[in-house]
Amino acid sequence: MKVIKFLFLSAIVISLTSCNNQASNLKSLDSEIDSVSYALGLDMGVKIKMNFDDINQDAYMQGVKNGIDSTNMLLDAKDLNTIINSYFQKKQQEKMKEQQEAAAKKAETDFAESKAAGEKFLEENKTKDGVVTTDSGLQYIVMKEGSGEKPVATSKVKVHYHGTLTDGTIFDSSVDRGTPSEFFANQVIKGWTEGLQLMPVGSKYKFFIPQELGYGATPRAGGKIKPFDVLVFEVELLEIVQ
């Protein structure tokens, strides 16, 4: 991780300065070593500030000193990587969550009409002959009922599928590619995970997946699926691979 490398390099620079008994607050740079040392320290400081602006400088400097002296250490050296990695992973997750929430809020405004149209489609669709609606809101039609076992969420399955939007726009199709797909049932969108577990091997179902069981407000950028789109899949369960 880049941030950790910056912190590590900064510690090296500080340790070199300490070992050479440099003054703690230089007023001028009188030699090439002074300039290089200061440049390295300043460069690391700027990078740390850019990537870790809530650093506790006193704790950081004490950690460097304790590491150099090998005395009065407040943490066990074997735990350092775990503590550092855990913190920055948490910060990254928080940032991603903030970005997703901001994107979802923007999408609520930009795609309000599309969301309403999807809700209307599902409301009308559930009244049609043969359409079953589950507690989650997933809708499906049994096109062919198989006689094999049903997968569970952790099953790896082989399927053929044809995915469209409600207007018939094709966005993905293993049928068109001519090659079945294999994946774990719990590693796809929620609508698929639920729907696959309804199907005995050999079945072919048609699923109408509400946006909250699909890609919601944040589908893959640049694709044909837009925020809040209802997804329609014809799925044939060929095999439970494992």
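**View 1. Strand E3 and the strands that pair with it.** In this predicted model, strand E3 covers residues 156–165 and is mostly covered, with 7 of its 10 residues buried. Strand E7 (residues 231–240) pairs with E3 in the antiparallel sense over 9 bridges, and within this pairing Leu 165 stands opposite Leu 231.

**View 2. The hairpin formed by E3 and E4.** Strand E4 (residues 170–173) and E3 pair over 3 bridges in the antiparallel sense, and here His 162 stands opposite Ser 173. The two strands form a hairpin with 4 residues between them, and Gly 168 in the turn has a positive phi of about 95 degrees. UniProt, in an unreviewed entry, lists residues 154–241 as "domain: PPIase FKBP-type"; this span is 12% helix and 39% strand, and its end C-alpha atoms lie 11 Å apart.

View 3. The side chains of Lys 156 and Glu 182 meet in a salt bridge, at 4.0 Å from N to O. Because Lys 156 lies in strand E3 and Glu 182 in strand E5, this pair ties together parts that are 26 residues apart in sequence. Lys 156 is partly exposed, with a relative accessible area of 22%, and Glu 182 also counts as partly exposed, at 41%. A salt bridge is also formed by Lys 158 with Glu 182, where the closest N and O atoms are 3.8 Å apart; this pair links distant parts of the chain, 24 residues apart. Through shared partners, salt bridges join Lys 156, Lys 158, Glu 182 and Glu 239 into one network.

View 4. Lys 106 and Asp 110 both lie in helix H4 (residues 80–110), where they are 4 residues apart, about one turn of the helix. They form a salt bridge whose closest N and O atoms are 2.5 Å apart. Lys 106 is exposed, with a relative accessible area of 52%, whereas Asp 110 counts as partly exposed at 43%. An unreviewed UniProt entry places a "coiled-coil region" at residues 88–117, and over these residues the chain is 97% helix and 0% strand, with end C-alpha atoms 41 Å apart.

**View 5. A nonpolar surface patch.** Leu 26, Leu 29, Tyr 38, Leu 42, Val 46 and Met 50 make a nonpolar surface patch of about 580 Å². Leu 42 is located in helix H2 (residues 32–51) and is partly exposed, with a relative accessible area of 45%.

Note on methods:
Residues numbered from 1 in each chain as written. Predicted model: local features only at pLDDT ≥ 70, side-chain atom pairs only at ≥ 80, totals over all residues. Heavy atoms only, no water. UniProt positions renumbered as here; feature names shortened; annotations may be inferred. Patch = residues over 30% accessible without salt bridge, like charges linked within 9 Å, V, L, I, M, F, W, Y side chains within 5 Å. Areas by Shrake-Rupley, 256 points an atom, 1.4 Å probe, with all protein chains shown as cover. Buried < 20%, exposed > 50% of the residue type's maximum accessible area, 1.4 Å probe, protein only. Pairing = 2+ DSSP bridges.
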